[in-house]
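Me: Could you go through this one with me before I set anything up? I'd like the overall picture and then a few residues.

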Amino acid sequence: MRMTLADRVRTAVAALLHATGESQTDLAAALGVSQAQVSRRQSGSAAWSLDDCDAVAGHFGIDVLDLLAGPTRASEALPDARRRGAGRRAGTAAAGQAPAPARPVALPAAQEEAAR
């Protein structure tokens with residue numbers, strides 16, 4: 001069964017919120033609406049208008065057509081700098097520091113013996 005346009009927008013918004021680590025409250029503040037309004041739109045009891053879609057796309061730094069195309073395309077269009085944890089990774093690289101080396105994992109005695 002094909003997703004309706006309303007379903008694609010709702011799932012795209014959910015995917016973008018997840019990818020950025022933002023909450024509905026964060027999105028609501030950026031759009032100048034209440035969290036309850038975002039919740040109603042995400043639950044399907046109210047619709048995302050075209051103006052809403054344009055504002056959501058602008059907030060996430062993607063083209064509105066990517067938002068309307070659904071969650072996969074919207075997520076792929078999301079700029080790396082907007083992704084969850086991007087600030088921590090970028091901060092490490094910007095400071096010229098190498099990432100912390102991985103700590104060795106202790107193997108159970110039987111696995112350690114087998115590895116030799």
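**Overall picture**

Reply: The protein has eight helices and zero strands, where helices (H or I, at least four residues) and strands (E, at least two) are DSSP runs numbered from the N terminus. From the N terminus on, the order of elements reads α-α-α-α-α-α-α-α. This is a predicted model, in which local features need pLDDT of at least 70 and side-chain atom pairs count only at pLDDT 80 or more, while totals for chains, interfaces and linings use all residues. Residues are numbered from 1 along each chain as its sequence is written, and side-chain values use heavy atoms, with hydrogens and water left out.

Me: What pLDDT does the protein average?

Reply: The average pLDDT is 83, and 74% of the residues score at least 70; pLDDT is the predictor's confidence in each residue, from 0 to 100. Over residues 89–107 pLDDT stays under 50, and for that stretch the model has five contacts beyond four places in sequence, a contact being heavy atoms within 4.5 Å.

Me: And how much of the protein is buried?

Reply: Buried residues make up 27% of the 116 residues, with buried meaning under 20% relative accessible area, exposed over 50% and partly exposed in between (1.4 Å probe, protein chains only). The protein exposes about 7,600 Å², of which carbon and sulfur atoms supply 55%; these areas come from the Shrake-Rupley method with a 1.4 Å probe, and for residues only the protein chains shown count as cover.

Me: Which residues have the most contacts inside the largest nonpolar core?

Reply: They are Val13, Leu16, Leu27, Trp48, Val56, Phe60 and Leu67, in a core of 19 residues. A nonpolar core here is a set of buried Ala, Val, Leu, Ile, Met, Phe, Trp, Tyr and Cys residues joined through side-chain atoms within 4.5 Å.

Me: Which helix gives the most to this core?

Reply: That is α1, with six residues, and α1 (5–20), α2 (24–31), α4 (50–60) and α5 (64–69) each supply at least two.

Me: Take Phe60 then, is that residue buried or exposed?

Reply: Phe60 counts as buried because its relative accessible area is 0%, and its place is in helix α4. Leaving aside neighbours within four places in sequence, Phe60 is in contact with Leu16, Leu17, Thr20, Glu22, Leu27, Leu78, Pro79 and Arg82.

Me: What does Leu67 touch?

Reply: Not counting residues up to four places away in sequence, Leu67 touches Arg8, Val9, Ala12, Val13, Leu16, Cys53, Val56, Ala57, Ile62 and Ala74. Ala57, which is in helix α4, counts as buried because its relative accessibility is 1%.

Me: Switching topic, where is Ala81 found?

Reply: Ala81 is in the loop between α6 (71–77) and α7 (86–94), and it counts as exposed because its relative accessibility is 71%. Ala81 and Thr20 are 61 residues apart in sequence and 9.2 Å apart in space, C-alpha to C-alpha.

Me: Last one, what sits over the ring of Trp48?

Reply: The charged end of Arg41 does, 5.5 Å from the ring centre, where the rule asks for NZ of Lys or CZ of Arg within 6 Å of the ring centre and within 35 degrees of the ring normal.
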